[in-house]
Amino acid sequence: MSDLVDDDPTQAAPPRSLIVTVYGLYAREVGGWIGVGTLIRLLSELGVDAQAVRSSISRLKRREILLSERRDGRAGYALSPYARSVLETGDRRIFERHAAPADGWVIAAFSVPESERQHRHQLRSRLTWLGFGTVASGVWIAPAHALDDTRDHLLRHGLDQYVNLFRGDYVAFGDPADQVSRWWDLAALQGLYDEFVARFTPMATRAAETEKNTASRDAFVDYVHVLTAWRRFPYLDPGLPAALLPATWSGTTAADLFFELRRTLEEPAHEFARGLLADS
């Protein structure tokens with residue numbers, strides 16, 4: 001999972017994360033496969049040398065994210081079914097902006113036998129990825145809008161046998177706005193949002209000043225970097241209603257910044273990438 005979702009959205013992304021972003025943005029448009037030479041060329045535009053690309057591909061293969069595949073006699077790599085499913089779920093989170101309704105909670109209560117403790121780690125990882133916070137050992141919580149993705153994801157990955165899902169309201173004891181700061185580390189997330197805004201505001205200023213003259217190659221480089229940084233946030237941020245968030249919350253500012261950069265950069269970036277994929 002960590003290879004599909006970058007570890008720290010405020011730091012320079014490792015090559016493997018850039019590769020996942022490139023596949024998520026462009027490979028699915030051409031059947032989910034990219035030839036080795038084309039992938040090296042795309043990553044070279046991002047400042048990644050061929051050796052680093054090959055090393056990162058090896059790791060992604062070991063994690064069963066990419067599969068080695070030859071097409072028309074050419075070596076290349078395709079997205080695995082697992083990677084496709086994660087990226088498809090991610091698309092809804094990353095590219096669709098919705099106001100979080102105050103419609104209650106979904107509770108995941110789980111118990112995994114000690115003899116199957118590897119599934120306990122897997123389950124915790126996936127619940128975290130789905131936006132859940134921890135109420136107590138074996139009791140996790142998320143806003144109710146996470147229910148459908150949670151049900152589908154746990155079924156798809158064979159983890160439903162360990163979990164019971166419930167919907168409900170918080171009725172006592174204490175202020176829900178105080179409780180959520182115990183269930184999620186909102187202070188740390190606030191700091192990450194602040195750093196994202198500080199890092200990418202200059203990019204947005206530059207893009208706005210040159211929007212009509214943005215070179216496709218420059219747009220590609222900027223868009224891949226900002227998306228690689230952003231795509232972690234929809235998994236860190238549970239999507240709480242505004243009434244439960246701190247008054248100083250900068251998540252909305254960060255989202256505004258990302259979507260403005262997407263509006264400016266997405267099409268010229270695709271134009272550049274499609275040109276390389278068509279020539280390969």
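**Aromatic pairs and their setting**

Author: Buried residues make up 48% of the 280 residues in the protein chain. The model is a predicted one, and every value below is computed from its atoms. Its secondary structure consists of 11 helices and 7 strands. For a chain of 280 residues, a compact globule would have a radius of gyration near 19 Å, and the 20 Å found here agrees with that. The C-alpha trace spans about 60 × 50 × 25 Å along its principal axes. Of the contacts with a separation of 6 or more, 78% join residues 24 or more positions apart.

Now to the rings. How many aromatic pairs does a search of the whole structure find? The search finds 17 aromatic pairs. One of them joins tyrosine 26 and phenylalanine 220, with 6.0 Å centre to centre and 35° between the planes, which is a tilted arrangement. Tyrosine 26 belongs to helix H1 (residues 15–26) and phenylalanine 220 to helix H9 (residues 216–230), so this pair ties together parts that are 194 residues apart in sequence. Both partners fall under the 20% limit for a buried residue: tyrosine 26 counts as buried because its relative accessibility is 1%, and phenylalanine 220 counts as buried because its relative accessibility is 0%.

Phenylalanine 258 and phenylalanine 259 form another pair, this one edge-to-face, with 5.1 Å centre to centre and 75° between the planes. Phenylalanine 258 has 0% relative accessibility and therefore counts as buried.

Serine 56, in helix H3 (residues 50–62), counts as buried because its relative accessibility is 10%. Leaving aside neighbours within four places in sequence, serine 56 is in contact with Pro15, Arg16 and Ile19. Arginine 41, in helix H2 (residues 36–44), counts as partly exposed at 40% relative accessibility. The C-alpha atom of arginine 41 is separated by 40 Å from that of histidine 145, a residue 104 positions away along the chain.

Phenylalanine 173 sits in the loop between strand E7 (163–168) and helix H7 (176–183). Two residues other than glycine have a positive phi. Glutamate 64 has phi near 60° and lies in the loop between H3 and strand E2 (66–71). With a relative accessible area of 56%, glutamate 64 is exposed. Aspartate 72, with a positive phi of about 55°, is placed in the loop between E2 and strand E3 (74–79). Aspartate 72 is exposed as well, with a relative accessible area of 81%.

Terms used: Residues numbered from 1 in each chain as written. Predicted model: local features only at pLDDT ≥ 70, side-chain atom pairs only at ≥ 80, totals over all residues. Heavy atoms only, no water. Helix = DSSP H or I, 4+ residues; strand = E, 2+ residues; numbered from the N terminus. Rg over C-alpha atoms; globule rule 2.2 N^0.38 Å. Buried < 20%, exposed > 50% of the residue type's maximum accessible area, 1.4 Å probe, protein only. Contact = heavy atoms within 4.5 Å. Phe/Tyr/Trp six-rings, centres within 6.5 Å; stacked < 30°, edge-to-face > 60°.
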